[in-house]
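Visitor: I'd like a close look at one part of this model, and then a walk from there to some charged pairs elsewhere. Could you take me through it slowly?

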Amino acid sequence: MSRWKSCVLHEGEGNIRSVKWRGHLIAWANNMGVKIFDVTSKQRITNVPRDDISLRPDMYPCSLCWKDSVTLIIGWGTSVKICSVKERHASEMRDLPSRYVEIVSQFETEFYISGLAPLCDQLVVLSYVKEVSEKTEREYRARPRLDIIQPLPETCEEISSDALTVRGFQENECRDYHLEYSEGESLFYIVSPRDIVVAKERDQDDHIDWLLEKKKYEEALMAAEISQKNIKRHKILDIGLAYINHLVEKGEYDIAARKCQKILGKNAALWEYEVYKFKEIGQLKAISPYLPRGDPVLKPLIYEMILHEFLESDYEGFATLIREWPGDLYNNSVIVQAVRDHLKKDSQNRTLLKTLAELYTYDKNYGNALEIYLTLRHKDVFQLIHKHNLFSSIKDKIVLLMDFDSEKAVDMLLDNEDKISIKKVVEELEDRPELQHVYLHKLFKRDHHKGQRYHEKQISLYAEYDRPNLLPFLRDSTHCPLEKALEICQQRNFVEETIYLLSRMGNSRSALKMITEELHDVDKAIEFAKEQDDGELWEDLILYSIDKPPFITGLLNNIGTHVDPILLIHRIKEGMEIPNLRDSLVKILQDYNLQILLREGCKKILVADSLSLLKRMHRTQMKGVLVDEENICESCLSPILPSDAAKPFSVVAFHCRHMFHKECLPVPSMNSPAQFCNICSAKHRGPGSAILELKK
């Protein structure tokens, strides 16, 4: 406390077990507790008594350490206290020291404390451990522990715990262990009678070393990626390569190849090295799905080497790679030649042929590709033609396309008439009339007039291959020769088509005769007579039906609205049995009553509407008409109202809204006393009789 003589700070409470000096504060522990002395004020500012007085202070000494210049950590027995030295407020000073101590945290541990040291906001605790044997139930000394704990106000949380193997720990006591630390280097020294153990805080490099030692490569790689800024001795790439080698050694080739994507990244040289390594172990197929295809791009030889590997043993895999890999990764001509060599051994292999077509497409050799697709009848042929505009190449292959898929082929040909004319298609299909019909039928459906020059040919085609559509064609076409059509239909005995053609050619009687004599269909005959609406046809139908009871029944049921049924009834021979005659007569009477009712109903509606419109017209004509300064006389074109309102005037306004001065209108004659609007009368829009006369 002075330069020339010693100064006794404290005495009389037994041996001093520990002393720690930091800045202006000195802390020491004796048998009674812990004292803190302030060198600046030369005063003892606190006394922290010992908690467990049952423990011998010589066997379980107190451990002290300063965390910083105002924080003291005390460990004694199983108790830990964290004390904070604070400045006392001036108003509280009086005779008290300028500083005081507050215990900010206090908790118990499981074992006896042999040493303490701070580690950031945590504590490093060296513990003396006693355990009980399960067999003998006797207490014995276990290995000391080095724990890292997180202090809380009234408890603590264990972060990590390590048991230390030191020589002679079975004979050591709590006082035999000490913990010291080097604050600047973060080194901790555990001292026992026979050993000194140096501990340091583990960094990420140490963690990675441990993981690699345990062959936990994936975890090591993940740890390195997370802490890549903090690691100093390891490189992510080196760990990754070691991981790939480890997987290859274990025979997990697919996983190793998949990891190459992540580990090798864009390093082309490493990729090529790994590919050759996989080739040496015969596992090129395993790495093929993961090879880079854009950034980076490897040497063409690498891709060709893998393609040759597949070509030798797996045609499907080879085809998949050709589809997935861009054509500029490898020398296309080399692969084409290799495929052609294999086709010499197996010329009908569809997989190889399809792949060769794709290679030709990449090489813009579309003609050869198209020929192969047509041979294979592959669905992509139409897409290839459209995409690369190969219409000039298919002019002589139209039959092949139609045989493959007539629907798609016809749609494509019709959509591209400007590239392949209708005439050319019809000529190419001349030897295949069934395909010619499909094309011309679709053309007719799209446009009734484009293929008019082929309508005569189409009559025969419809008759031969598609009779159900012949009648619709005859109805819709305005260009087919009716005589030719009639001849074909009569030759083939197509009754319905013949009937239609006869009626269209004006020979309705022959058509009706065919219906009655060939079809024996009274309903169709009646329907035909209704469509033609010809009195002579009805007469013919009645004459034909007069001796055929079923026909008479049909006529009685349907003739009522078109022909007077009395004409038919008068001609029925007496005694002729007619099926359902009573029902037919009842129906005629009901139809007649219904017509009378409809006429009466229409009459009532007409009268009601006429009356309603008359009333509306009357209301309209009774309404007033606005006359103001803007209106003019339609005769003299001067304002209808005089400028001097005091002068007398007379105005005539018509329902048509034309207005005249009364003196401007002609004087009514004796024969026609009513006045009419001159303008409307001249334009023949009605007389426009006067509705109002204004006088003043």
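How many bridges join β1 to strand β2, and do the two run parallel or antiparallel?

Guide: Happy to, and keep in mind that this is a predicted model. There are 5 bridges between β1 and β2, the latter covering residues 25-29, and the two strands run antiparallel.

β1 and β2 belong to an open sheet of 4 strands, ordered β1-β2-β3-β4, with antiparallel pairing. The edges are taken by β1 (18-22) and β4 (43-49); each has a single partner strand, so one side of each is left without a neighbour in the sheet. From one strand to the next, the twist averages 15°. As for what holds such things together, strands of a sheet pair through backbone hydrogen bonds, in either a parallel or an antiparallel way.

That's the backbone story, so on to the side chains. Searching the whole structure turns up 27 salt bridges. One of them joins R141 and E173, with N and O 2.4 Å apart. This pair connects distant parts of the chain, 32 residues apart: R141 sits in strand β12 (residues 139-141), while E173 is in the loop between β14 (156-163) and β15 (178-182). Are its two ends buried or exposed? R141 counts as partly exposed because its relative accessibility is 28%. E173, by contrast, has a relative accessible area of 15%, so E173 is buried.

Next, try the helices. K259 makes a salt bridge with E218, and their closest N and O atoms are 3.6 Å apart. K259 belongs to helix α4 (residues 253-264) and E218 to helix α2 (residues 217-226), so this contact ties together parts that are 41 residues apart in sequence. E218 has a relative accessible area of 41%, which means partly exposed.

Further along, E434 and R432 bring their side chains together in a salt bridge as well, at 2.7 Å from N to O. E434 is partly exposed because its relative accessible area is 30%, and R432 is also partly exposed, at 26%.

Definitions and conventions: Residues are numbered from 1 along each chain as its sequence is written. This is a predicted model: local features need pLDDT of at least 70, side-chain atom pairs count only at pLDDT 80 or more; totals for chains, interfaces and linings use all residues. Side-chain values use heavy atoms; hydrogens and water are left out. Two strands pair if DSSP finds at least two bridges between them. Axes are lines fitted to C-alpha atoms, for helices over the stretch in contact, and angles run from 0 to 180 degrees between N-to-C directions. A salt bridge is a side-chain nitrogen of Lys or Arg within 4 Å of a carboxyl oxygen of Asp or Glu. Buried means under 20% relative accessible area, exposed over 50%, partly exposed in between (1.4 Å probe, protein chains only).
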